[in-house]
Amino acid sequence: MKGEQAAGVQGLSCHDKHGTDTPEGAENRRLPFLIRRDGTWLYRGSEIRRKAMSCLFGSLLTRNAQGAYLLRTPFESGLIEVEDVPFLAVELDWSGMGRTQRLSFRTNMDELVVADAEHPIRTVWDIPPEACPEGCPPYLTIRAGEGAYPLEARLSRAVWYELAALAEPGACQGVPCMGVWSCGSFFPIARMVVDGCGG
């Protein structure tokens with residue numbers, strides 16, 4: 001399997017023979033990959049249909065200090081384009097309740113991530129409903145990048161609805177809100193509606 005994966009990566013090599021081979025130059029090179037908003041990986045405009053291959057590339061993805069997405073394979077490194085975030089959270093499992101609740105997410109790359117202080121759920125929550133008519137989807141930190149910018153997964157709509165069903169009243173920075181607990185951390189997901197208004 002490893003040999004097959006290595007051969008696949010080599011087959012997708014897009015090394016620029018006219019570019020510099022220094023690590024700094026390699027990481028400024030643009031590779032012909034695109035990750036669509038729906039999580040689909042494209043190479044030179046064609047979909048990568050083998051899940052094992054996209055999972056392998058996903059495991060080699062990081063973000064540089066400027067927040068750009070960087071793919072580092074055993075053969076080369078370069079920047080790739082990502083429409084939103086590289087991963088989707090497609091399944092939610094939970095146990096416990098309140099502060100002892102544990103939320104576990106599975107991504108479209110079959111990576112399991114438990115929401116906690118190091119893997120927070122990020123939402124644009126402290127805004128009036130009319131500012132985001134269709135709702136602002138939550139994001140989950142999958143792993144740290146090389147600087148301040150993490151790699152995240154956007155929660156699919158089905159998972160988002162499941163998460164909302166687990167929400168309970170709380171407060172964030174003194175603002176009443178609805179949110180969820182996981183591993184002792186509280187994550188706000190929406191403003192609390194008070195007396196029929198946005199608060």
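Guide: Among contacts (heavy atoms within 4.5 Å) between residues at least 6 apart in sequence, 51% join residues at least 24 apart. This is a predicted model, where local features need pLDDT of at least 70 and side-chain atom pairs count only at pLDDT 80 or more, while totals for chains, interfaces and linings use all residues. Residues are numbered from 1 along each chain as its sequence is written, and side-chain values use heavy atoms, leaving out hydrogens and water.

Now to the sheet. The protein has 4 helices and 15 strands, taken as DSSP runs numbered from the N terminus (helices H or I, at least four residues; strands E, at least two). An open sheet is formed by 6 strands in the order β9-β8-β7-β12-β11-β10, with mixed pairing; two strands pair if DSSP finds at least two bridges between them. At the edges are β9 (112-114) and β10 (121-122), each pairing on one side only. Strand β10 runs antiparallel to β11 (residues 139-143), joined by 2 bridges, and Arg122 stands opposite Tyr139 in β11. Helix α4 (residues 157-165) packs on this sheet, touching β7 (87-95), β8 (102-107), β10 and β12 (151-155). The direction of α4 makes about 30° with that of β7, using lines fitted to C-alpha atoms, for helices over the stretch in contact, with angles from 0 to 180 degrees between N-to-C directions.

Finally, look at Phe105. Leaving aside residues up to four places away in sequence, Phe105 touches residues including Leu112, Ile121, Leu140, Leu155 and Val159.
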